[in-house]
Amino acid sequence: MTAKVLFSQTMSSVYDQNEISSLYRLFLEDYLQVSPHVHLYTPQDELNSIQMEKFNKGLSLLNQSTPIQYLTQKAFFCDLNFKVNSSVLIPRPETEDLVRIIYDIHQKKRAENLKILDLGTGSGCIAIALKSQFKKASVIGVDISQKALDVAKYNAEFHKTPIDFVLEDLGDYRSDLTFDIIVSNPPYVLESEKVLMHPNVLNYEPETALFVPDNDPLKYYKAIVQSINFGTLKTRSLFLEINPKCLDALIDLMKPLGAIEIHKDLSEKKRFIEVNI
Ligand SMILES: C[S@@+](CC[C@H](N)C(=O)[O-])C[C@H]1O[C@@H](n2cnc3c(N)ncnc32)[C@H](O)[C@@H]1O
């Protein structure tokens, strides 16, 4: 049996055929580091014994719903390649929409020294994608997880996008700067939504990056608003990724700060709140 047939047969209980083809390509290229052309298209695709051992290990991990990005340690975000591991959330396509919205609104200021703060930076994907577009901006990324910040620092060095990373609870972070943009994609999935989630998210991605208690779903947004109200954080604008289920409550929370705009993600969900203060 060829490696490809073995892969397809094993994965067919977990993924559909289209997903299997793209998974196989990533699996070969980024995980096994062999050319996809040889092995995808040559009928007698054979792997040597070391590759076969790695192949079997990877297959078994994928079969247990380990996300392919954790196997390859790679994820793409805004056309950039990011290192990821189990300490960080795998960057999501909807978060690319958030970066795109900020870019569209601020693109005329590309030559300015904008001050940008990313709260809950994780892999650094938002901060790095923005810094790569706004090259003169000063960018700070804050996270409560040192392991996440280690990954973010690696990514910032890889992309040559100098960013200051700070280990801090986002509610305690203080700055004398007046930011042009504070952006945040904080944890916002309700504990009660766990039952709806795929095991490859639930069992592998860090809990601290995902969940909020059902009895306090806005806790991170409240912390940001409180810091702005206390004057310990100053900003001209806020861009927040949200749980669409909490939209009305978030509008009520944000309204006293300034003018609100709601933006949709590409699947037409009301996913982002912009506040101009
Ligand atoms: C939903 S993830 C977003 C990661 C990344 N910004 C992205 O969009 O892919 C939320 C991040 O917030 C961090 N986090 C959770 N609680 C935090 C807190 N109290 N203060 C700062 N960061 C926190 C997590 O470690 C995680 O990296």
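How many helices and strands does the chain have? Color the model by secondary structure: this predicted model shows 12 helices and 13 strands. The chain's radius of gyration is 21 Å, close to the 19 Å that the globule rule gives for 277 residues, so the chain is as compact as a globular protein of that length.

Zoom out to the whole chain. Along the principal axes, the C-alpha atoms fill a box of roughly 65 × 40 × 30 Å. Of the 277 residues, 33% are buried. Turn next to contacts between residues at least 6 apart in sequence: 64% of these join residues at least 24 apart.

Now select residues 49-63, which form helix α4. This helix has 15 residues, and the distance from its first C-alpha to its last is 21 Å, close to the 21 Å expected at 1.5 Å a residue. Step just past the end of α4 to S65, where phi is positive, at about 75°.

The crossing of α1 past α4 is right-handed.

Finally, show side chains where these two helices meet. Which residues of α1 meet α4? On the α1 side, select A3, F7, T10 and M11. Their counterparts in α4 are F55, L59, L62 and N63. An α-helix has 3.6 residues a turn, so residues three or four places apart point the same way.

Key
Residues numbered from 1 in each chain as written. Predicted model: local features only at pLDDT ≥ 70, side-chain atom pairs only at ≥ 80, totals over all residues. Helix = DSSP H or I, 4+ residues; strand = E, 2+ residues; numbered from the N terminus. Rg over C-alpha atoms; globule rule 2.2 N^0.38 Å. Buried ≥ 20, exposed ≤ 12 C-beta atoms within 10 Å, placed from the backbone. Contact = placed C-beta atoms within 7 Å. Expected span 1.5 Å × (residues − 1). Left-handed = near helix turned anticlockwise from the far one by under 90°.
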